[in-house]
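Me: I'd like to learn how to read a protein structure by asking about it step by step. Could you walk through one with me?

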Amino acid sequence: MGVKQRIKTIVPHRVWRVLQGCKANMTLASYYAGQRKRFLRFCAGQWNVGQSEQLRGTMVYYIHRIEKGLSHRRFRAGFGRSAFGELRSVMDEWRERDYPVDDVTYIAARQVVRAYVRKHRALEKPIPEFVGVWFADEVASVDIESVEQAEKADVAGNAGVKTVRAADKRDNASLDYAALFAGRSSVREYAETPVDMGTVRKAVSMSMKTPSVCNRQAYRVLLISNPKFIEQALALQGGWRGYDAPPVLALISVDVRSFVSVEERNEPYIDGGLFAMAFLTALECESLAACPLNTMMREKQEHEIRKLLGVPDYETLIAFVAIGNFPESIESPVSFRYDASVITRELN
Ligand SMILES: Cc1cc2nc3c(=O)[nH]c(=O)nc-3n(C[C@H](O)[C@H](O)[C@H](O)COP(=O)(O)O)c2cc1C
């Protein structure tokens with residue numbers, strides 16, 4: 001019999017459990033210390049500038065913020081001073097470090113500025129001075145385009161907005177997986193018609209085929225259709241500013257009580273993330289418009305959300321999903337994608 005087994009037979013069961021708890025606590029502290037170290041050392045936080053991947057991540061972040069501003073139904077001309085300022089400085093640094101200016105992200109950064117200029121020109125709104133000063137080349141390049149060139153660029157460009165139409169979504173259930181998956185986009189503004197909750201529940205049922213670690217199936221879904229709760233939850237969430245509340249809001253969480261060892265500490269996020277993707281695809285298949293929303297709130301906001309929605313402490317928050325019917329036509333950020341070769345490594 002090994003030492004561990006001998007101790008287990010000698011000490012009272014209650015004491016054994018306390019000892020196991022102490023051991024788990026120490027192991028977990030060391031795992032989290034490792035995770036903390038990696039994140040602090042490599043993420044694109046301001047203390048870590050310089051590597052191309054960090055600059056790329058930062059550029060995409062600001063491109064996306066500008067795309068969201070461009071897609072608003074209630075468009076606010078002249079928006080984005082701080083996002084453009086940040087984008088400009090990260091693009092400057094990109095060039096100073098001699099990273100390639102034909103990089104897809106750098107091109108998207110230039111493209112989003114052009115999309116911004118085109119939208120203002122089309123609406124006959126003045127281009128704000130900060131854009132003219134920081135992005136003179138991009139503004140000038142739009143000014144020499146013909147109308148035809150501008151239309152083509154808007155459609156083919158890798159940044160800006162695209163139009164999503166309800167008519168294109170009606171037969172989603174008959175599409176094959178590749179077409180359905182490629183056709184999904186985050187939609188943040190919805191038709192004013194009520195959402196059929198039976199269809200949302202069907203999407204949850206479809207998502208139950210999500211794989212999970214040792215089949216734990218610990219994901220949980222809270223479906224919220226009371227406007228008061230939706231509005232308050234989204235005000236706390238913080239990533240929905242400028243949009244009307246969606247008719248339905250789902251909260252995906254994972255019950256930590258299903259996990260058996262400290263090595264599984266990250267599994268709630270993996271299983272919950274897989275479930276979230278399955279759910280988004282199922283909603284798309286059911287011709288419902290949706291947008292995933294982060295739950296990366298500060299402690300106080302998270303506490304308030306839990307209290308507001310009655311989410312128990314033993315559940316880890318994964319993501320919200322805003323849900324509604326597709327409006328006849330709506331603009332949505334392009335959210336360009338890298339080619340698969342950019343993210344694939346092969347080891348033969
Ligand atoms: C985990 C997660 C959190 C997100 N949080 C937000 C959010 O808070 N606000 C928002 O408008 N979009 C949010 N999004 C949507 C992303 O911006 C969007 O998925 C991304 O730009 C890709 O675009 P697509 O979904 O249209 O393909 C989130 C997406 C994910 C996966």
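This is a predicted model: local features need pLDDT of at least 70, side-chain atom pairs count only at pLDDT 80 or more; totals for chains, interfaces and linings use all residues.

Here are my questions about this structure, each with a friendly reply.

Me: How many helices and strands does the chain have?

Reply: The chain has 348 residues, and 42% of them count as buried. Its C-alpha atoms fill a box of roughly 85 × 50 × 45 Å along the principal axes. The secondary structure comes to 14 helices and 6 strands.

Me: Among contacts between residues at least 6 apart in sequence, what percentage join residues at least 24 apart?

Reply: Let's begin with the surface: the chain exposes about 20600 Å², and carbon and sulfur atoms supply 54% of that. Now for the contacts, where we take pairs at least 6 apart in sequence and ask which of them are at least 24 apart. The share is 79%.

Me: Which helices do the buried residues of H7 pack against?

Reply: Helix H7 covers residues 136-143, and its buried residues are Glu138, Val139 and Val142. Seen down the axis of H7, these buried residues fall within an arc of 100°, so they line one face of the helix. The partners they pack against are helix H5 (104-122) and helix H6 (129-134).

Me: Which element gives the largest share of the shell around the ligand?

Reply: The shell divides into 3 nonpolar, 7 polar and 4 charged residues. Two elements, helix H3 (52-71) and strand S4 (288-294), each supply at least two residues of this shell. The largest share is 4 residues, and they come from S4.

Me: Is glutamate 264 buried or exposed?

Reply: Glutamate 264 lies in the loop between strand S3 (248-255) and helix H12 (267-285). Leaving out residues up to four places away in sequence, glutamate 264 touches Val213, Arg216 and Phe259. Its relative accessible area is 12%, and a residue under 20% counts as buried. So glutamate 264 is buried.

Note on methods:
Residues are numbered from 1 along each chain as its sequence is written. Side-chain values use heavy atoms; hydrogens and water are left out. Buried means under 20% relative accessible area, exposed over 50%, partly exposed in between (1.4 Å probe, protein chains only). The arc is that of the directions from the helix axis to the C-beta atoms. Contact means heavy atoms within 4.5 Å. Ala, Val, Leu, Ile, Met, Phe, Trp, Tyr, Cys and Pro count as nonpolar, Asp, Glu, Lys and Arg as charged, and the others, Gly among them, as polar. Accessible areas come from the Shrake-Rupley method with a 1.4 Å probe; for residues, only the protein chains shown count as cover.
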